[in-house]
Amino acid sequence: MLRFPKEFLFGYSWSGFQFEMGLKGSEVPHSDWWAWVHDVENIASGLVSGDLPENGPAYWHLYKQDHDIAEKLGMGAIRGGIEWARLFPKPTFDVKADIEKDEEGNMVAVDVPERAIVEMEKLADMKALEHYRKIYSDWKDRGKVFILNLYHWPLPLWLHDPIKVRRLGPDRAPSGWLDERSVVEFAKFVAFVSYHLDELVDMWSTMNEPNVVFENGYSRPTSGFPPGYLSFEASEKVAKNLIQAHARAYDAIKEHSDKPVGLIYAYTWLDSLREDIEDEVKRIRETNLHRFVDSVYFGSSSLSEGREDLKGRVDWLGVNYYSRLAFDKVGDYIMPVSGYGFSGVKRGYAKSGRPCSDFGWEIYPEGLEKLLKELHEKYSVPMIIAENGIADESDRYRPYYLVSHLQAIHNAMKAGADVRGYLHWSLTDNYEWAQGFRMRFGLLHVDFETKKRYLRPSALVFREIATHKEIPEELSHLADLTPLMRQ
């Protein structure tokens, strides 16, 4: 029997674009992702699925029902979201903030005075803000913990038009995070939200998985992520602006809140398949995997050197983990190789013999344990597993995935890692970006036609663990993946 501390949080995560829409009146047609997934060329080429978010699980209307189920499953925490484009469908450029830059042109301060927030109220959809208040209050009134994440990829279309960027180039279109004005606009948006909603929030997160934005959007044009514009230079620029945006958002929240402010990052364990390359793979992790958080924790990394205005701006770290990236020596080069981790076979097996999800992601809980230990050594901040789960429509693997990863977390905690909670991705099936409804991550199956929710067996496994804050002996066998391995 593996016990977790009584204060350990069990819950789930959701984001606006993936969960909110589904019934009439919940649409958000003013975001870059809305334009992207509705684009006929993207659909015709197969870059996106053709599924549409307005047919999603309808959390905007059905949140009380989902909260009821979450409570019955023993969940005490939710990481929720808020859609920037829902609150501000029109530009906020004319609302002025006080900006300070250093000699190199870095954005070292963005002050958003109260008068600016009052001006933004005239531009905001205040009815949408009040509806968010109802959603969050429903959960808080149950005596639960609420974590609010402020950015989970969609940007207002007035700030980023990915179709125009692809056709005309970023210099002739609203270019999102390539434009440093986005840093200022994000600080204003965050100041507005924290000013109005702080009493409902226990912990803040500025952004979720910024690395996915700058990597997929600008380095992997076939990934299905906007703007699909291949430029490594642009990818680096977006990364730097996102780092500045986090830091300036951190400062903005602190003006209105004494709650901890964190950052949620997409972590992949960079694994070595051979002992003789372990040191080199560790150097790759230091150079690539950790540089974003290093920037806002130490104030220095390969992306930003000696920035005091970035240093110490992370009170807690959200760890999103799904699988690994395996490295081997190929000729004279040490590089990731296919057949493992995120490049396994959909509904098949990795070269390791381990099963893969519907997405083709290898089940590798050992990576989470190693990752948490390494993060603990680097940063002296509390951690929360902010996303962990599997695309598994049949629910064949999810019970094993759940228990094996919770055991990995428990092992890391025994070794000293300061992990405060586990938030599953997710309670219900969702709109999975370019993949649409193909990938089912929910503990609950959703019939997207009727919006009805149905418990998968894994939900009952989760309930047993979350309710008692332990992995009981009768479920401990699920941490062993041997029965699932290819023989």
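Visitor: In a right-handed or a left-handed crossing, how does H14 pass H15?

Guide: First, a bit of background: this is a predicted model, where local features need pLDDT of at least 70, side-chain atom pairs count only at pLDDT 80 or more, and totals for chains, interfaces and linings use all residues. Residues are numbered from 1 along each chain as its sequence is written, and side-chain values use heavy atoms, leaving out hydrogens and water. Now to your question: H14 passes H15 in a right-handed crossing (the near helix is turned clockwise from the far one by less than a right angle). Helices here are DSSP runs of H or I with at least four residues, numbered from the N terminus. H14 covers residues 366–378, and its axis lies 8 Å from that of H15, at an angle of about 30°. Axes are lines fitted to C-alpha atoms over the stretch in contact, and angles run from 0 to 180 degrees between N-to-C directions. H14 and H15 are therefore roughly parallel (angles under 35 degrees). In the contact (heavy atoms within 4.5 Å), Leu368, Glu369, Leu372 and Lys373 of H14 meet His405, Ala408, Ile409, Asn411 and Ala412 of H15.

H15, residues 398–414, also packs with H16, residues 457–468: their axes come within 8 Å and cross at roughly 25°. That makes H15 roughly parallel to H16, and H15 passes H16 in a right-handed crossing. Here Arg398, Pro399, Leu402, Val403 and Leu406 of H15 touch Ser458, Val461, Phe462 and Ile465 of H16.

Notes. Helix = DSSP H or I, 4+ residues; strand = E, 2+ residues; numbered from the N terminus. Parallel < 35°, antiparallel > 145°, perpendicular 65-115°, else oblique.
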